[in-house]
Amino acid sequence: MNQPPLPSLMGVFAHPDDESLLAGGVLAQHHTAGARTCVVTTTWTASSHRVPELADALSVLGAGAPRLLGYADARNTDSAPDGAVRLVDAPLDEAVGRLVAHIREVRPDLVIGHDALGQLTGHPDHRRAHQITLLAVEAAGLPHLYPDAGEPWQPAALYAATHPESGVGRLGPLLQSVGKTLLTLPDAYVTTSVDVSPWAAVKWKAICAHRSEAARVRPLPGLLARLTEPERNDIISTEHFTRLSLGPAPGDPHRLVA
């Protein structure tokens, strides 16, 4: 039986390397199947040293050129040599409008991004990017919102990349070894777990393209680089998501249902 074609994807992530770490496998999977893919990165500006690394990673994944919202990282002034405002300080309406413009231009079937916890470490940029993405995915389909940002387009769903309590595995001790926190979701919140082992080598190559992070001790690319290949593949070969549907809800259309 033939499988239906894979939908087009837009990833929206806070920092360069988030796309490769959290969704590199599904981005490579969809690109290999012929689906359109792209990534919007909310922090680090075009003049920063990490955007060329991002470009290399996206080339590996087949996700096109970097698309940038143009804000600074909450914790790193090197992210915006041009002095851009931090994402966490930017007017919410402005940031949402910038992302709506990308969604309407690309017209993806699905959007993937951060979860409400901000992934395992709860980075404030991750949480802010989640909030912006939630609002922008809905707003992109409403013609009276951001009318100057292009023709309305409604993605079918938003998938939030996440980590279930039972799926942390080797990643937990690895992060704890450098003093990082572990914020996980109950397993019931995870709707989709994708085996991306066929694309693990491509995903790892994309992670390694973020050279400045892979050379450091505490960031996850650097931690993964010090593992054996089997240990690393055990961590990166499954990607978990929570589907936040925007389509019609099942059940009685005349009353609220749980």
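**View 1. V60 on helix α2.** V60 belongs to helix α2, residues 50-61. Helices here are DSSP runs of H or I with at least four residues, strands are runs of E with at least two, and both are numbered from the N terminus. Setting aside neighbours within four places in sequence, V60 is in contact with V202, K205 and A206, where contact means heavy atoms within 4.5 Å. V60 and F13 lie 47 residues apart along the chain, and their C-alpha atoms are separated by 17 Å.

A note before the next views: this is a predicted model, in which local features need pLDDT of at least 70 and side-chain atom pairs count only at pLDDT 80 or more, while totals for chains, interfaces and linings use all residues. Residues are numbered from 1 along each chain as its sequence is written, and side-chain values use heavy atoms, with hydrogens and water left out.

**View 2. The open sheet of seven strands.** Follow the strands across in the order β3-β2-β1-β4-β5-β7-β6, and you will find mixed pairing. Two strands pair if DSSP finds at least two bridges between them. The edge strands, β3 (67-71) and β6 (192-195), each pair on one side only. From one strand to the next, the twist averages 25°, with axes taken as lines fitted to C-alpha atoms and angles running from 0 to 180 degrees between N-to-C directions.

**View 3. Strand β4 and its partners.** Five of the five residues of β4 (residues 110-114) are buried, so this strand is mostly covered. β1 and β4 run parallel and are joined by four bridges; here L9 has L110 as its bridge partner in β4. L9 also has a bridge partner in β2, namely T37, and β1 pairs with β2 (residues 37-43) in the parallel sense over five bridges. β4 also pairs with β5 (residues 157-162), again in the parallel sense, over five bridges. In this pair, V111 stands opposite L158. The chain gets from β4 to β5 through helix α4 (residues 124-139), and this β-α-β crossover is right-handed: with the strands pointing away from the viewer, the path from the first strand over the helix to the second runs clockwise.

View 4. S8 sits in the segment before β1 (9-13). Is S8 buried or exposed? S8 has a relative accessible area of 6%, so this residue is buried. The S8 side chain reaches the backbone nitrogen of D109 at 2.8 Å. Beyond neighbours within four places in sequence, the contacts of S8 include A35, R36, R107, P108 and L110.

**View 5. Q119 in the loop between β4 and α4.** Look in this loop to find Q119, which is buried, with a relative accessible area of 4%. A polar contact of 2.6 Å joins the side chains of Q119 and H114; the term stands for a pair of N or O atoms within 3.5 Å, where, within protein, one must be able to donate a hydrogen and the other to accept it, and residues adjacent in sequence count only if both atoms are side-chain atoms. Leaving out neighbours within four places in sequence, Q119 is in contact with several residues, among them L22, H126, A161 and L183.

Definitions and conventions. Buried means under 20% relative accessible area, exposed over 50%, partly exposed in between (1.4 Å probe, protein chains only).
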